[in-house]
Amino acid sequence: MDFIFEVEGLAQGYGSRRIISGLSMRAARGAVGLLGPNGAGKTTLLRTLATVTPPRQGKIRIFGQELRTDADVREARRSIGYLPQDFGCHPGFSVYEFVRYCAWLRMVPERTAGKAALRALDQVGLAAMRSRKMKELSGGMLRRAGIAQAIVGEVKLVLLDEPTVGLDPEQRLEFRDLIREISGEAAVVLSTHLVEDVAAACGTLYVIRDGAVVFSGTPQQLTDRAAPDGRGDTPLERDYTTALRSSAVTA
Amino acid sequence: MWAWGQGWYLVWPEASAMAANASTYFAAAILAGMAAWSAQRDVRNGMRDQLTVVARRHWQTESAHLTATLIYAWSGIVVFSIAAILVASGSAGAGFFWPSYPLSVFTTLTVCVASGHVVGRLWPSRITAPLVAAAVLVIQFMTPTNAPFDFSAVTGPARLELNNEALLARCAFAAGVVVLAVLLRSTTAQSRSWARPLALLTSVAGLLAWVTLSGSLQVARTPPAKPLCAEPGAGAPMVCLWPENSVYLGTVLEAARRVSKAAGGAVPLPKVYYDSGLKPDGTLHPYFTALPEVDAITTSMALSGFLPPGKCPDTSDAAMAARYDIGGSVWVWHAAVAKGVRQVGTDDSFILPPAVAKEVDAILAKPMAEQRAWAKKQVKRTWVGCNG
């Protein structure tokens with residue numbers, strides 16, 4: 001199988017604080033969910049995959065290429081889309097201008113950048129609002145614009161950090177459809193602490209605790225490991241809490 | 001702004017200098033502050049992570065950002081230059097719009113904007129932009145005119161031109177600051193040592209040293225072999241102007257006629273009155289400053305045309321000053337008669353010590369024949385002991 005990304009023995013941290021230790025994971029095309037409590041290291045892992053910060057230890061291979069040099073990183077960045085948890089934008093830009101600008105930053109060829117921006121906006125359902133200023137968008141629309149900037153161009157790896165925060169239930173349903181659509185063409189790594197989002201949209205799950213993977217498998221496999229004493233309203237939530245309490249398991 | 005009101009801008013170099021000044025007056029400070037504010041927009045808008053992971057190189061994104069800010073700055077120069085060309089083209093004589101002045105302001109604005117960008121990048125804070133603007137404003141007003149590190153010329157008289165080397169040094173410095181602004185982020189991000197940023201800063205400091213050593217921004221022009229000369233007639237001295245000041249020829253001739261008529265043989269007149277800086281031997285007197293007002297030219301001709309007939313036996317500056325004090329009232333009287341002023345003590349165009357004003361007013365109250373006799377006597381007293 002061709003993996004879009006592979007991580008081996010990753011260690012990451014800030015200053016003297018170690019956030020991730022010896023983490024390994026990999027993903028092919030499709031949606032991958034990262035579950036874990038606050039402070040588990042999900043955002044740090046996504047920032048590392050997005051190449052915001054180089055790993056302290058371990059290897060990262062994206063599209064089969066290990067990221068060793070600046071040139072490797074720059075080449076990989078052309079195909080990585082990233083929506084940070086605290087997504088920022090230039091409020092004076094129109095929605096189209098902003099996504100078009102992000103296409104330029106991703107080095108999407110000039111002749112196709114405009115079309116790519118329109119296509120991304122169409123995918124997230126913002127095509128009709130392309131002339132609206134970013135500062136005029138509601139929280140849900142802003143999140144969708146953030147996803148549009150993450151998927152514009154020939155993106156093969158989409159990293160979404162808490163993308164459903166601030167979305168109302170209907171928007172979250174639409175969002176899940178969108179993830180299914182995008183994951184047909186790329187690997188989508190979705191970080192969240194909302195179990196039902198991953199269950200609905202992702203084919204693979206990684207549960208992370210204290211910077212280490214404590215479960216990896218499909219949502220069904222996690223459900224099959226049902227533990228009667230797990231806390232939660234749904235089987236998946238109960239299994240998730242069970243996984244967090246147990247040591248690392250791989251289905 | 002005085003120049004626009006008085007028609008000074010009708011001369012090419014002055015129009016060019018005005019276009020340059022209008023572009024920088026306060027604009028430099030505001031644009032520097034704007035650049036500092038704009039440079040922080042990635043941080044302010046929470047886009048630092050997003051922009052860290054872009055495929056494009058940092059220098060490219062910085063270039064695009066800085067160019068956008070610079071275009072705002074440069075557009076003012078274009079607008080004011082076009083305005084100056086439109087206003088002056090109908091009346092100005094020889095010499096096309098002087099591009100060196102807009103080029104000098106181009107470097108000024110580029111340096112201000114690029115510096116603001118650098119400061120905004122290095123110290124993202126709400127107070128950075130107003131501080132940068134205030135700093136530029138203070139530097140602008142504190143810098144003495146024509147100081148070695150001055151970046152803009154306030155006026156553009158025909159007798160002066162911009163120093164090519166100084167201009168080149170300023171262009172190089174502006175380019176250096178732009179390169180610093182564009183590369184600083186990528187050098188600090190990629191190499192974790194300070195070697196590259198330090199090398200950049202050293203290069204820019206070297207260019208600033210060149211600016212300081214390159215001399216004054218404005219230098220005297222070499223007079224043309226054939227200046228614009230004309231005879232006023234009626235026995236008045238000839239006048240010679242810089243070709244660029246040809247629009248003032250009529251006014252200058254009228255002033256020369258007035259001065260000649262007022263002298264009436266009592267006050268000696270030179271053979272030629274030269275436009276400021278035009279005299280072939282490089283000396284100043286007798287000169288006039290070409291301006292649109294005949295009264296102003298009359299005053300400058302009357303006051304500057306009174307020259308010693310030969311070498312005077314003064315052994316010190318004080319002795320020479322005492323000699324000129326004796327004749328000072330004659331020069332004032334001559335200017336007053338030429339301008340038709342009856343009382344210099346109450347005329348705003350004369351700023352005189354009370355004793356001189358009183359003496360001249362007393363003379364002006366007498367019949368013209370007596371006035372001339374007094375002037376003749378006073379001239380002899382002034383130059384007593386001088387050869388020639």
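At 2% relative accessibility, Cys240(B) counts as buried (under 20% relative accessible area; exposed is over 50% and partly exposed in between, with a 1.4 Å probe and protein chains only). Cys229(B), at 33%, is partly exposed. These two cysteines form a disulfide with sulfur atoms 2.0 Å apart, a disulfide being a pair of cysteine sulfur atoms within 2.5 Å. The torsion about their S-S bond is about 110 degrees, so the disulfide is right-handed. The structure is a predicted model, in which local features need pLDDT of at least 70 and side-chain atom pairs pLDDT 80 or more, while totals for chains, interfaces and linings use all residues; side-chain values use heavy atoms, without hydrogens and water. Residues are numbered from 1 along each chain as its sequence is written, and chains are lettered from A and ligands numbered from 1 in the order in which they are written.

Cys229(B) lies in strand β3 and Cys240(B) in strand β4 of chain B, 11 residues apart; strands are DSSP runs of E with at least two residues, and helices runs of H or I with at least four, numbered from the N terminus. The two residues are also bridge partners. β3(B) and β4(B) pair in the antiparallel sense over 3 bridges, where pairing requires at least two DSSP bridges.

A second disulfide joins Cys312(B) and Cys386(B), with sulfur atoms 2.0 Å apart. Cys312(B) lies in the loop between α12 and α13 of chain B and Cys386(B) in the segment after α15, so the pair ties together parts 74 residues apart in sequence. Both cysteines are buried.
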